[in-house]
Amino acid sequence: MKTKITRLLLSAVLMMCCTMRANADLILDDSGYYQLSVKDDLILFADYVNGKNGQNPHPDANAILMADITVNTDVLDSSGKLNSGKNFDAWTPIGGHNVDYSGEFNGNGHTISGLYFNDPNTNNVGLFGKLVGNAHIHDLGINDSYFYGKNHVGGICGDFASGRI
């Protein structure tokens, strides 16, 4: 009996000390930031903010990069032009299509590489589609990425209504 109680208490302590899992496999830390470490985390975060797959949108969700993330490799050639003839995973901007991002995205000194977006009929294109309100993007680099859209296209964000970068 004493062993069972000890195991229950240990399990309860471990549950309280560990981070919570939310939105499939995103890790939410104690301060309310989703920890992004790999490509799938970044995609899940974009889906969560944008309200994809039947979710409600969460435009004010916060995130922190825990490592450099590569979405695609060799998007650009040595002269900085698009590497044609390759199939890249297309990027869906965080916010910008009916959802404007207003959260904090802390790059934590890391980079995101290999973002690819190529649709001449789409506005608000970049890592973020549109920033509004108290949006705050910082300590972040974007490398080896290609963005092509109709209007409001940029590396960090396509449309900047308000916030801080």
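**View 1. Buried residues of helix α2 in the predicted model.** The buried residues of α2 (under 20% relative accessible area, with exposed over 50% and partly exposed in between; 1.4 Å probe, protein chains only) are Asp 41, Leu 42, Phe 45, Ala 46, Asp 47, Tyr 48, Val 49 and Asn 50. Their cover includes the strands β2 (26–28), β3 (33–36), β4 (62–65), β5 (69–70) and β6 (104–113). Helices (H or I, at least four residues) and strands (E, at least two) are DSSP runs, numbered from the N terminus. The model is predicted: local features need pLDDT of at least 70, side-chain atom pairs count only at pLDDT 80 or more, and totals for chains, interfaces and linings use all residues. Residues are numbered from 1 along each chain as its sequence is written, and side-chain values use heavy atoms, leaving out hydrogens and water.

**View 2. Span and end of helix α2.** The twelve residues of α2 (39–50) reach 17 Å from the first C-alpha to the last, close to the expected 16 Å (1.5 Å times one less than the number of residues). Gly 51 follows α2 and has a positive phi, near 75°.

View 3. Phe 147 lies in β10 (residues 146–148) and counts as buried because its relative accessibility is 17%. Leaving aside neighbours within four places in sequence, Phe 147 has contacts (heavy atoms within 4.5 Å) with Trp 91, Leu 115, Phe 117, Val 125, Gly 126, Leu 127, Ile 142, Val 153, Gly 154 and Gly 155. Ala 90 is 57 residues from Phe 147 in sequence, with a C-alpha to C-alpha distance of 9.9 Å.
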